[in-house]
There are 2 protein chains.
Amino acid sequence: MAKVRVHNLNISLDGFSAGDEVTFDKPIGEAGALFSRFDGRVIWGVQHIDDPIRADHVITSTWHQGIGVEIMGRRKFGPQTGPWPDDGWVGWWGEEPPFKTPVVVLTHHEREPIEFENGTVFHFVDAPAAEALDYAKSLADGDVRLGGGPTSVREFLQADLVDFLHLVTVPVVIGSGVSIWDGGADLQDRFDVETVTIGSGLTHQFWNRRSR
Amino acid sequence: MAKVRVHNLNISLDGFSAGDEVTFDKPIGEAGALFSRFDGRVIWGVQHIDDPIRADHVITSTWHQGIGVEIMGRRKFGPQTGPWPDDGWVGWWGEEPPFKTPVVVLTHHEREPIEFENGTVFHFVDAPAAEALDYAKSLADGDVRLGGGPTSVREFLQADLVDFLHLVTVPVVIGSGVSIWDGGADLQDRFDVETVTIGSGLTHQFWNRRSR
């Protein structure tokens, strides 16, 4: 049975996973400290680390395993709002997006897909969470990665569509921003949670949806 | 630079990774408790777990990442000793060995390779560690997994040919068996060690060879 999985979602000590505003210069707004504390995620495997292979690398390296398709919020694709401008924007990643699978971008402004040679295809879909998930599953076999940002993760959590979350608490304080927890009181009742602490200062949480 | 990596090597509280004798009925001798305590290793990725995906699964799932070739001791391939009998034996795994790459089997009795449709090819080589490693690297690009058992891991450690070890201390007592530590006094001086404890009772250690 295919799972909906969230991987490597960073959360500050005060609960934020992104800044309030995203610009071309600041893809995650004022929340850069979430990533500067540990930038060693090895989404395509531990062989991409020079030396050494540390526990945090091992634990963040499952991102790609068995994933057939990703769903992301519009702000993960770009900082634009409203109707898409004719600006040639193809995402933050240039000609080599790291996904290598179909990607469903949630937006109120649908447009034609954008396809890359490495297998990445962005599909722009205006749909609520459950419908977007059905569409994503129609594009590919395998598990579905819910790629963030926090607004879309929150929407899927509240619709009870998430099977697995890997959260990374980073020991930084952001002050303000976007949180997956807003409106999520008692969320923990639906999940079993396991916590692993690492000498680096990161805390990894694995949330698994209880049997329905 | 390609690494030599050991993954998911189980060690009992008294330091053993296999029993003293291996038979057709007991592939790891009297050390079965090492595996019954946690049998959830997901060597080809976390998507192969039904539910839930726990921390131990995540941490043991890097086994395949970027590996081009495996080296194993003869006892990992089969219980026979001396010249190979004409018994049709092709390894413990039948027609679907999990490796899917070339595998160098260390033996004093060389023989023709055995090839499987899934990409696994066993090569039988009589050579000391450094020479066997060169041969393995000539067969494929990528990192080299040193697959065990403990006797061959010990040989490579003593020859200082190991870059990364993921050891799993399992909370069981075996009483006797084979250990990677024999003759390895001061081994720790060559490595940086990180330890991660899990609620399951397993302790994961990541050993990284210091820069030479």
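Q: Before we start, how are helices and strands defined here?
A: They are DSSP runs, numbered from the N terminus: helices are H or I with at least four residues, strands are E with at least two. This is a predicted model, where local features need pLDDT of at least 70, side-chain atom pairs count only at pLDDT 80 or more, and totals for chains, interfaces and linings use all residues. Residues are numbered from 1 along each chain as its sequence is written, chains are lettered from A and ligands numbered from 1 in the order in which they are written, and side-chain values use heavy atoms, with hydrogens and water left out.

Q: Great. Where does A:E110 sit?
A: A:E110 is in the chain A loop between β3 and β4 (114-115).

Q: And A:T101, buried or exposed?
A: Buried, because its relative accessibility is 10%; buried means under 20% relative accessible area, exposed over 50%, and partly exposed in between, with a 1.4 Å probe and protein chains only. A:T101 belongs to the loop between α3 (74-77) and β3 (102-106) of chain A.

Q: What does A:T101 touch?
A: Leaving aside residues up to four places away in sequence, its contacts (heavy atoms within 4.5 Å) include A:I67, A:V69 and A:T120.

Q: What about A:K100?
A: A:K100 is in the loop between α3 and β3 of chain A too. A:K100 is partly exposed, at 42% relative accessible area, and has a positive phi of about 65° though not a glycine.

Q: Switching topic, which peptide bond in chain B is cis?
A: The one from B:G148 to B:G149, with omega near 0°. Most peptide bonds are trans.
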